[in-house]
Amino acid sequence: MKVCIVGASGKLGQYMVQHALDRSYEVVGVCRERSVSKLDAFKEHITIMPGATNDRAVIKQAVAGCDGVLTVLVPWGVHQYSSGTAQAVLDYANPNARLIFSCGWHITYDGQDVYPPSLKREETIARWVSRLTHIIDIDDQVEACRRIFASNTRWTIVRGSDLEEGEGQGLPVWSRHVGDPILASNITRRVDYALFMVEALKNDALIQEAPAIAGCRTPAALAHAVAN
Ligand SMILES: NC(=O)c1ccc[n+]([C@@H]2O[C@H](COP(=O)([O-])OP(=O)(O)OC[C@H]3O[C@@H](n4cnc5c(N)ncnc54)[C@H](OP(=O)(O)O)[C@@H]3O)[C@@H](O)[C@H]2O)c1
């Protein structure tokens with residue numbers, strides 16, 4: 001199994017690199033030139049391709065021959081960073097490759113999600129910040145996901161809850177819809193988010209699904225397990 005990790009130098013990306021190496025996968029990591037040193041611990045074990053993740057030439061080269069592509073979709077900047085990254089992956093990955101993308105609960109696939117008021121408030125604030133500062137562009141992350149949903153590729157968009165650091169607890173639980181009681185605790189260990197992304201590469205049941213995830217040891221997930 002050869003996998004490309006787009007956005008490998010971030011926190012989620014580094015956890016994905018480790019999970020992929022634990023499975024003896026061959027790993028190609030793409031990250032911004034300035035962030036290459038963040039991957040020093042892995043440099044003997046992976047191929048690093050420096051470059052912006054929305055640089056189509058970099059992505060074309062990085063995904064060549066890969067069975068899977070794990071992409072960290074981030075809403076940074078105002079130059080279609082997120083949609084440019086997603087589009088390059090959709091255009092250049094092998095048509096049979098498993099494509100796994102990360103984003104947050106705020107992305108909806110079928111409009112059936114029921115959001116807690118706190119999350120709606122956070123999104124409203126994020127949109128104002130993005131309009132005022134141009135540091136982030138939530139709408140472009142939404143556009144990136146729209147293009148992925150519309151594609152005929154073997155995609156999965158993994159929608160993360162709030163995240164925290166800490167030791168892994170196991171594969172997160174998931175549901176098609178935010179608002180499902182199993183997700184109510186709204187917290188996932190980042191290392192377990194990465195685990196879900198890497199495990200999704202081999203889970204065909206998740207093809208063309210947008211699972212919303214939460215930690216398997218959260219009170220809501222444990223209550224659901226007892227009830228069932
Ligand atoms: N944070 C949360 O609470 C949360 C909640 C739900 C879902 N998520 C999702 O989880 C994924 C990972 O997010 P994270 O917050 O945990 O962060 P993260 O893993 O540290 O990843 C951040 C990524 O953004 C890149 N980045 C940072 N500044 C940038 C800039 N100015 N221009 C371009 N790229 C830049 C980083 O690259 P460098 O290494 O080059 O800086 C890194 O690849 C994202 O898809 C996010 O939507 C996060």
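Colleague: Happy to look at this predicted model with you! Are helices α3 and α5 roughly parallel or roughly antiparallel to each other?

Modeller: Good place to begin. The axes of α3 (residues 81–92) and α5 (residues 138–150) cross at roughly 20 degrees and come within 7 Å. Angles under 35 degrees count as roughly parallel. The two helices are therefore roughly parallel.

Colleague: Which residues of α5 make the contact with α3?

Modeller: The crossing of these two helices is right-handed. From α3, the contact draws on Y81, S82, S83, T85, A86, Q87 and L90. By class, the contact has five nonpolar, five polar and three charged residues. On the α5 side, the residues are D140, Q141, E143, A144, R147 and I148.

Colleague: What about α1 and α6: why do they count as oblique?

Modeller: Their axes lie 8 Å apart and pack at an angle of about 55 degrees. Roughly parallel needs an angle under 35 degrees, and roughly perpendicular needs 65 to 115. That angle makes α1 oblique to α6.

Colleague: How many nonpolar residues are in the contact of α1 with α6?

Modeller: α1 brings K11, L12, Y15, M16, H19 and A20, while α6 brings R190, V191, Y193, A194, L195, M197 and V198. One residue of this contact is polar and two are charged. The nonpolar residues number 10.

Colleague: And which residues come nearest to the ligand?

Modeller: There are 23 residues around the ligand, and α1 and β5 each give two or more of them. By class, this shell has nine nonpolar, nine polar and five charged residues. Those that come nearest are S9, G10, L12, S35 and G160.

Technical notes. Residues numbered from 1 in each chain as written. Predicted model: local features only at pLDDT ≥ 70, side-chain atom pairs only at ≥ 80, totals over all residues. Axes fitted to C-alpha atoms, helices over the stretch in contact; angles between N-to-C directions. Helix = DSSP H or I, 4+ residues; strand = E, 2+ residues; numbered from the N terminus. Parallel < 35°, antiparallel > 145°, perpendicular 65-115°, else oblique. Left-handed = near helix turned anticlockwise from the far one by under 90°. Contact = placed C-beta atoms within 7 Å. Nonpolar A, V, L, I, M, F, W, Y, C, P; charged D, E, K, R; others polar. Near = placed C-beta within 6 Å.
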